[in-house]
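Me: I would like to learn how to read the features of a protein model one at a time. Could we start with charged pairs and go on from there?

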Amino acid sequence: MRPSIVLFGDSITEESFGEGGWGAHLANHYSRSADVVLRGYSGYNTRWASLVADRAFSAIPASAAVAAVTVFFGANDASLPDRASAFQHVPLPEYRDNLRAICALLRARWPSAALILVTPPPVDERGRVRFPRNGDASGLPERTNEAAGRYARACVEVARQCGLRAIDLWSRMQEFPGWETAFLRDGLHLTPTGNRLLFEEVVFALRDANLSLEALPADLPLCSDIDPDNAVRCFEEE
């Protein structure tokens, strides 16, 4: 059965199938080996995600060959509780608990799937001020990089405690000079370059889970392997 890779997250996941998006890159990368299934919900935090997870995955049978799931929440949870996006804020202890609950649900549904937690990205506060939310005229960012870092570290810690792989996007992006505009288009959401970086990190994590292109069989025979004089037999052998 052709395996699936499920992407579960907020707006950075929802828009990942757009042009140059990290999900689109994954779908192209695994085009003959696996289906990439999108479950992205713009604006969601882990509180809301944990409440709707069952419904979000209801169209994917528990018997489906789900090989991996990325869980990418935290950017909204880390919204400051006294700024324009306060309604999305989730306290750090609850964020940890919600991540654990989401992972427990996924493990129960697809026990053999590799779960990969992705931390929130860093925040360019100047970029957030340039793109205010809902007409906010305060001149203050509704997120800060320091707050995002606390949630990123919590995400990594939850992954460690649960024996899961984590992609520390918050730290990884900041290894590069000029990350603020190279990787983030509005101080939070990803540019094509930021999407490419995340795609590469996910591919590395999937490779560690034995889900590289080399490890996965191609779906149906390659054209070069088909005998034009006896195609029926070739397909029957598959």
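**Reading the features**

Reply: Asp 97 forms a salt bridge with Arg 100, and their closest N and O atoms are 3.0 Å apart. Keep in mind that the model is predicted.

Me: What is the general idea behind such a pair?

Reply: Side chains of opposite charge can pair when their charged atoms come close. Here, Asp 97 and Arg 100 are three residues apart in helix H4, so about one helical turn separates them. Asp 97 is partly exposed, with a relative accessible area of 45%, and Arg 100 is also partly exposed, at 29%.

Me: How many salt bridges are there by this rule?

Reply: The count comes to 14.

Me: Which residue forms a salt bridge with Glu 142, and where do the two lie?

Reply: Arg 128 forms a salt bridge with Glu 142, with 2.6 Å between the closest N and O atoms. Glu 142 is in the loop between H5 and H6 while Arg 128 is in helix H5, so the pair ties together parts that are 14 residues apart in sequence. Both Glu 142 and Arg 128 are buried. Arg 143 also forms a salt bridge with Glu 142, at 2.4 Å between the closest N and O atoms, and Arg 143 is buried as well. A network of salt bridges links Arg 128, Glu 142, Arg 143 and Asp 186.

Me: How many disulfides does the structure hold?

Reply: A disulfide is a covalent bond between the sulfur atoms of two cysteines. The structure holds zero disulfides. The sulfur of Cys 103 has its closest cysteine sulfur in Cys 162, 5.5 Å away, which is too far for a bond. The cut-off for a disulfide is 2.5 Å between the sulfur atoms. Cys 103 is buried, with a relative accessible area of 2%.

Me: Cys 162 is in helix H6. What span does H6 reach, and what is expected?

Reply: The check compares the end-to-end distance with the span expected at 1.5 Å a residue. H6, residues 145-162, has 18 residues and reaches 26 Å from its first C-alpha to its last, close to the expected 26 Å. Its buried residues include Ala 148, Tyr 151, Cys 155, Val 158 and Cys 162. The buried residues of H6 pack against several elements, among them helix H4, strand E4 and helix H5. Just after H6, Gly 163 takes a positive phi of about 70 degrees.

Me: What does the span check give for helix H9?

Reply: The 17 residues of H9, 192-208, should span 24 Å at 1.5 Å a residue, and the end C-alpha atoms are 25 Å apart, which agrees. Buried residues in H9 include Leu 197, Phe 199 and Val 203. Just after H9, Asn 210 takes a positive phi of about 65 degrees.

Me: Turning to strands, how many residues of E1 are buried?

Reply: Six of the six residues of E1, 4-9, are buried, so the strand is largely enclosed by the rest of the structure. Ser 4, Val 6 and Phe 8 point one way, and Ile 5, Leu 7 and Gly 9 the other way.

Me: Which strands are joined to E1, and do they run parallel or antiparallel?

Reply: Six bridges join E1 to E2, and these two run parallel. Phe 8 stands opposite Arg 39 in E2. Six bridges also join E1 to E3, again parallel, where Ala 68 is the bridge partner of Ile 5.

Definitions and conventions:
Residues are numbered from 1 along each chain as its sequence is written. This is a predicted model: local features need pLDDT of at least 70, side-chain atom pairs count only at pLDDT 80 or more; totals for chains, interfaces and linings use all residues. Side-chain values use heavy atoms; hydrogens and water are left out. Helices (H or I, at least four residues) and strands (E, at least two) are DSSP runs, numbered from the N terminus. The expected span of a helix is 1.5 Å times one less than its number of residues. Buried means under 20% relative accessible area, exposed over 50%, partly exposed in between (1.4 Å probe, protein chains only). Two strands pair if DSSP finds at least two bridges between them. Contact means heavy atoms within 4.5 Å. A salt bridge is a side-chain nitrogen of Lys or Arg within 4 Å of a carboxyl oxygen of Asp or Glu.
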